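Try each task on the coordinates before reading on.

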Amino acid sequence: GGAHRLRVGTQAQGPLRILDQGCGNGSFAHCVARRFPDCEVHGVELTAAGVDYARAHFTAPNLTIWQADGYAVGRPGHYDLVYHLNVLEHVPDKESYLGAGAELLRDHGTLIALFPTERYWQFWGFPKYALCRLLRRPFRIHGYSDRAASASLARHGLATQTKTFHV
């Protein structure tokens, strides 16, 4: 495996504003806040448990985490970078979710959507589905292809660049 580095550069006035749209337990938002102390990092999570955990375990002066629906997060044009990492497969209305993230971007902002590929679901999806059926638990994963994601982003005025990582 190789190391991946994130470099952030901006011409924006004031601190770069970053939103983790669907931050879960807040661990990645915390890493971003620690790595880029001059940025404002916000995390939004639907579940109270995730927000409670994040607030109890991850603090940084430039990090704010709150509970809200990812479809209705904040005011348009507020963020330079919006990302969701492994969130789209849990969202039934991906088009609206991507649209909500796109609306939050400033001009020339960036939206990063990381989600498992169809190949991942072919390998891992069936065993997870079978286990959920066996345990009589709901299977709440919704597939999303690269093509569908690119089309959704394009409908919201965003150019796409697809990168596939195999781990």
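Rings of Phe, Tyr and Trp (its six-membered ring) pair if their centres lie within 6.5 Å, and planes under 30 degrees apart count as stacked, over 60 as edge-to-face and the rest as tilted. This is a predicted model, in which local features need pLDDT of at least 70 and side-chain atom pairs count only at pLDDT 80 or more, while totals for chains, interfaces and linings use all residues. Residues are numbered from 1 along each chain as its sequence is written, and side-chain values use heavy atoms, with hydrogens and water left out.

**Exercise 1. Determine how many aromatic pairs there are, and describe the one formed by phenylalanine 28 and tyrosine 83.**

Step 1. Applying the ring criterion gives a count of 3 aromatic pairs.

Step 2. Among them is the pair of phenylalanine 28 and tyrosine 83, which is edge-to-face, with 5.6 Å from centre to centre and 85° between the planes.

Step 3. Helices (H or I, at least four residues) and strands (E, at least two) are DSSP runs, numbered from the N terminus; in these terms phenylalanine 28 belongs to helix 1 and tyrosine 83 to strand 4, 55 residues apart, and the pair thus links distant parts of the chain.

Step 4. Buried means under 20% relative accessible area, exposed over 50%, and partly exposed in between (1.4 Å probe, protein chains only). Phenylalanine 28 is partly exposed because its relative accessibility is 40%, whereas tyrosine 83 is buried because its relative accessible area is 3%.

**Exercise 2. Explain why the pair of tyrosine 71 and tyrosine 97 is edge-to-face.**

Step 1. The ring centres of tyrosine 71 and tyrosine 97 are 5.3 Å apart and their planes stand at 90°, so the pair is edge-to-face.

Step 2. Tyrosine 71 lies in the loop between strand 3 and strand 4, and tyrosine 97 in helix 3, 26 residues apart.

Step 3. With 31% relative accessibility tyrosine 71 counts as partly exposed, while tyrosine 97, at a relative accessible area of 4%, is buried.

Step 4. Helix 3 (residues 94–103) is largely enclosed by the rest of the structure, because 7 of its 10 residues are buried; the buried residues include Leu98, Gly99 and Ala100.

**Exercise 3. Work out the strand order of the open sheet and find which helices pack on the sheet.**

Step 1. Two strands pair if DSSP finds at least two bridges between them. The open sheet has 5 strands in the order 3-2-1-4-5, with parallel pairing.

Step 2. Its edge strands, strand 3 (63–67) and strand 5 (105–114), each pair on one side only.

Step 3. Strand 4 (residues 79–85) pairs with strand 5 in the parallel sense over 6 bridges, and tyrosine 83 stands opposite isoleucine 112 in strand 5.

Step 4. Contact means heavy atoms within 4.5 Å, and axes are lines fitted to C-alpha atoms, for helices over the stretch in contact, with angles from 0 to 180 degrees between N-to-C directions. Helix 1 (residues 27–35) packs on the sheet, touching strand 1 (17–21), strand 2, strand 3 and strand 4, and its direction makes about 145° with that of strand 4. Helix 2 (residues 48–57) also packs on the sheet, where it touches strand 2 and strand 3, its direction making about 155° with that of strand 3.
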